[in-house]
Amino acid sequence: MSDTHTPSSRAIKLIGRASGLCLLALAVAYGIGGSVVEYSFSSDPLGPRVFPVALGVILGLLALLHFRSPGSAEGFPEGKLLVRVLAIPVLMVITALLFEPAGFAASIFILTFGTALIFGAPLKMALVGGLGHAALWWIIFSYLLEVYLPLGAWLG
């Protein structure tokens with residue numbers, strides 16, 4: 001079975017409308033999150049709420065426009081491609097959940113290693129890339145930027 005296919009016009013519009021609804025939900029969440037930002041009375045006249053709320057409103061308007069006339073869109077992935085598309089956000093959630101217990105370096109290694117495997121890298125190259133990437137970011141954050149990074153509860 002091939003990973004590419006030609007969806008019908010109705011399916012393309014449905015996919016476009018679904019993405020418009022997702023963007024609208026994100027806009028509402030972003031706007032609500034921005035509206036609850038607390039600030040002191042002595043800050044600038046508009047305060048820190050204006051920028052995130054304005055971005056939420058703009059994204060909401062664009063999402064409604066996209067929902068109304070979705071235009072062309074890629075077909076919904078099927079088979080192996082669908083698994084690959086879903087694997088990335090699942091891997092990101094796993095990495096976020098492992099950040100505290102496993103630490104920064106292990107989490108970044110898992111994210112990089114898993115992403116490399118998802119995109120078809122050989123096992124040896126994925127390991128090298130994961131280790132190199134984790135070491136690089138550890139050095140940048142810990143030594144150059146002097147940012148505290150958790151070692152993880154597993155490592156003490």
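Guide: The conversation below sets computed values against the definitions of the words used.

Visitor: How do you know how far to trust this model?
Guide: The model is predicted. The protein chain averages a pLDDT of 83, and 85% of the residues score at least 70. Because pLDDT is the predictor's confidence in each residue on a scale from 0 to 100, these values describe confidence. Helix 1 (residues 9-35) has the lowest confidence, with a mean of 85, and helix 4 has the highest, at 92.

Visitor: What makes up the pattern of the protein chain?
Guide: The chain contains five helices and zero strands. Along the sequence, the pattern is therefore written α-α-α-α-α.

Visitor: Which residues does UniProt place in the feature "transmembrane region"?
Guide: The unreviewed UniProt entry places this feature at residues 50-69, 81-99, 105-123 and 135-155. Such annotations may be inferred rather than shown by experiment.

Visitor: How much helix is there in the span of residues 50-69, and how much in residues 81-99?
Guide: Residues 50-69 are 95% helix and 0% strand, and their end C-alpha atoms lie 29 Å apart. Residues 81-99 are 100% helix and 0% strand, with end C-alpha atoms 28 Å apart.

Visitor: Why is Ser107 called buried?
Guide: Ser107 is in helix 4. Its relative accessibility is 1%, and buried means under 20%. Ser107 therefore counts as buried. Leaving aside neighbours within four places in sequence, Ser107 is in contact with Thr95, Leu98, Phe99 and Ala102.

Visitor: Thr112 has a relative accessible area of 18%; is this residue buried or exposed?
Guide: Thr112, also found in helix 4, has a value of 18%. The cut-off for buried is under 20%, so Thr112 is buried. Apart from neighbours within four places in sequence, Thr112 is in contact with Gly129, Gly130 and His133.

Visitor: Why is Leu14 called exposed?
Guide: Leu14 has its place in helix 1. Its relative accessible area is 59%, and exposed means over 50%. Leu14 is therefore exposed. The C-alpha atoms of Leu14 and Phe76 are separated by 9.8 Å, and the two residues are 62 residues apart along the chain.

Visitor: What makes Ala105, Ala87 and Pro48 partly exposed?
Guide: Partly exposed covers what lies between the two cut-offs, under 20% for buried and over 50% for exposed. Ala105 has a relative accessible area of 30%, so Ala105 is partly exposed. Ala87 has 22%, and is therefore partly exposed. Pro48, at 37% relative accessibility, likewise counts as partly exposed.

Visitor: Where are these residues found, and which C-alpha distances are given for them?
Guide: Ala105 lies in helix 4. Ala87 is found in helix 3 (residues 79-102). The C-alpha atoms of Ala87 and Ile118, 31 residues apart along the chain, are 7.4 Å from each other. Pro48 is in the loop between helix 1 and helix 2 (50-68). The C-alpha atoms of Pro48 and Gly34, which are 14 residues apart along the chain, are separated by 8.1 Å.

Visitor: How do the axes of helix 4 and helix 5 cross?
Guide: The axes of helix 4 (residues 104-118) and helix 5 (residues 123-144) come within 8 Å and cross at roughly 145°. Helix 4 passes helix 5 in a right-handed crossing. Residues of helix 4 in this contact include Ala105, Thr112 and Phe113, and those of helix 5 include Gly129, His133 and Trp138. The contact divides into 15 nonpolar, four polar and no charged residues.

Visitor: What can be said about burial and contacts in the chain as a whole?
Guide: Buried residues make up 21% of the 156 residues in the protein chain. Among contacts between residues at least 6 apart in sequence, 60% join residues at least 24 apart.

Definitions and conventions
Residues are numbered from 1 along each chain as its sequence is written. This is a predicted model: local features need pLDDT of at least 70, side-chain atom pairs count only at pLDDT 80 or more; totals for chains, interfaces and linings use all residues. Side-chain values use heavy atoms; hydrogens and water are left out. Helices (H or I, at least four residues) and strands (E, at least two) are DSSP runs, numbered from the N terminus. Axes are lines fitted to C-alpha atoms, for helices over the stretch in contact, and angles run from 0 to 180 degrees between N-to-C directions. A crossing is left-handed if the near helix is turned anticlockwise from the far one by less than a right angle, and right-handed if clockwise. Contact means heavy atoms within 4.5 Å. Ala, Val, Leu, Ile, Met, Phe, Trp, Tyr, Cys and Pro count as nonpolar, Asp, Glu, Lys and Arg as charged, and the others, Gly among them, as polar. Buried means under 20% relative accessible area, exposed over 50%, partly exposed in between (1.4 Å probe, protein chains only).
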